[in-house]
Amino acid sequence: MRNALLLARDCEANDSLAASVLETIHRNIDLACSRTRPICQDTGSVLFYVTAPSSFDRTAFKKLAGRCVTAATAKGWLRPNSVDPITGRNDGTNVGPGTPTFYFEDGPDPAITIKLMLKGGGCENVGAQYSLPDARLGADRNLDGCRKAVLDAVFQAQGKGCAPGVLGICIGGDRATGYEHSKIQFLRRLDDTKPDPTLRAFEEDILRSANALGIGPMGFGGKTTLLAAKACTLNRLPASYFVTVSYMCWAFRRQGVVLDQSGHITQWLYS
Amino acid sequence: MRTKPLQTPLSEERVRELRVGDRVVITGVVFTARDTVHKYLAAGGDLPGGVDLRGGVIYHCGPVAVRGNDGRWQIVAAGPTTSYREEPYQAEIIRKFGLRAVIGKGGMGGKTLEALKQHGCVYLHAVGGAAQVLAECVTAVQDVWFLDEFGAPEAMWKLAVADFPAVVTMDATGNSLHELVRASSQTELARALSGSP
């Protein structure tokens, strides 16, 4: 991500607002690293993605993860972000109904993979789900219709999503799995490519077309609106055709580890 | 490009000179206010005793704050939040309390733009997500209100700042960088949608 941001800075005109935004972003990343402090004050939703053998004790993991989240909040690494929607109460622990969020998957391997993503509210708010056909966009139930929906989402997100960002796109699925899998795209490496040539071409086209909109870093105008687009498909119902877009801001906070059976870290997944 | 220093409290004259694209640094005092404080004030809620926002600056920010063993607060991360959510309330709050600047990210809408022009106020854009660069400019936490009622991110923090960097993206002459970029990107979007990849 950092390399992509560096490349982006070099693409923007000298002394432009876009270049100065990217310069500030770099200084900010350096400061956050050297001080072990949040890169952005909105430490966002805390999302755990766990792949483990079926014997893995999910309940114990959830309890332990909740305690860790509360401890990280007390240290100022996470902002207290878990708010009761009816009373407005924020008890400061970051643990409550739905927070943190867990996704578990059974894996054949005895090894356990745990990935953590922090996704801020600004970029979460600009996520969008389209039900095709969409008459406003002239978007039919095909890949060109998906393209129209996704570019509209980028247009609507301008200024609000903290560009330059990364898009996660799910074509198909239902309303819930569409968002779930659009977010799972953020677990892919930034430089990976889809083996399927149709999806690969779709991702490349979205990236190119979105950057041609000229929205730029922070929506100040410029060449870099997106750093990557990552897409997947899920089968749909005959009656439904959803295109779901999740937006990840430039802060793109994620980390993952592989644990052996005794719980020792054998691999870090994102450098 | 030259950076213009701004010292709070701001005069109407100083604010009306500023133009879209100007880079500024703010020194003095800013008050954080986000969703809950805006809704509260717009609904007729009173400012905390002793708070005067005339000539003042509101910062759309929910900081990460930690309290030391000595009971003093420290701001450890303090970037801007998306301003557009305050669009229903902002114009009235500018008018009622005599604000001269609003700091946030993403820009605001027509109602706020009109209020900037009418009352002599500017919208200053800080870099979204740049929580460390901006927290470095916070030299002291002078006070905090509504902490228990609204929670730490939604509380109103009075922050002393020095050389806090921002860009004027909506000025008091009715210009908005956000409207310009929106219009040009809309044209590009129409072009992209009419052609196939």
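A residue is called buried here when its relative accessible area is under 20%, exposed when that area is over 50%, and partly exposed in between (1.4 Å probe, protein chains only). By this rule T225(A) is buried, at a relative accessible area of 2%. The model is predicted, so local features need pLDDT of at least 70 and side-chain atom pairs count only at pLDDT 80 or more, while totals for chains, interfaces and linings use all residues. Residues are numbered from 1 along each chain as its sequence is written, chains are lettered from A in the order in which they are written, and side-chain values use heavy atoms, without hydrogens or water.

T225(A) sits in the loop that links helix 7 (197-211) to strand 6 (226-234) of chain A; helices (H or I, at least four residues) and strands (E, at least two) are DSSP runs, numbered from the N terminus. A polar atom of the T225(A) side chain lies 3.0 Å from the backbone nitrogen of G216(A). Leaving aside residues up to four places away in sequence, the contacts of T225(A) include V154(A), P164(A), I215(A) and Y247(A), with contact meaning heavy atoms within 4.5 Å.

Turning to the interface, chain B contributes 46 residues and chain A 48 residues. Between them the two chains bury about 3,800 Å², 60% of it on carbon and sulfur atoms; this is the accessible area (1.4 Å probe) lost on putting the two parts together, summed over both. The count of salt bridges between the chains is 1, a salt bridge being a side-chain nitrogen of Lys or Arg within 4 Å of a carboxyl oxygen of Asp or Glu. R35(A) pairs in this way with E136(B), with the closest N and O atoms 3.3 Å apart.

Definitions and conventions
A polar contact is a pair of N or O atoms within 3.5 Å; within protein, one must be able to donate a hydrogen and the other to accept it, and residues adjacent in sequence count only if both atoms are side-chain atoms.
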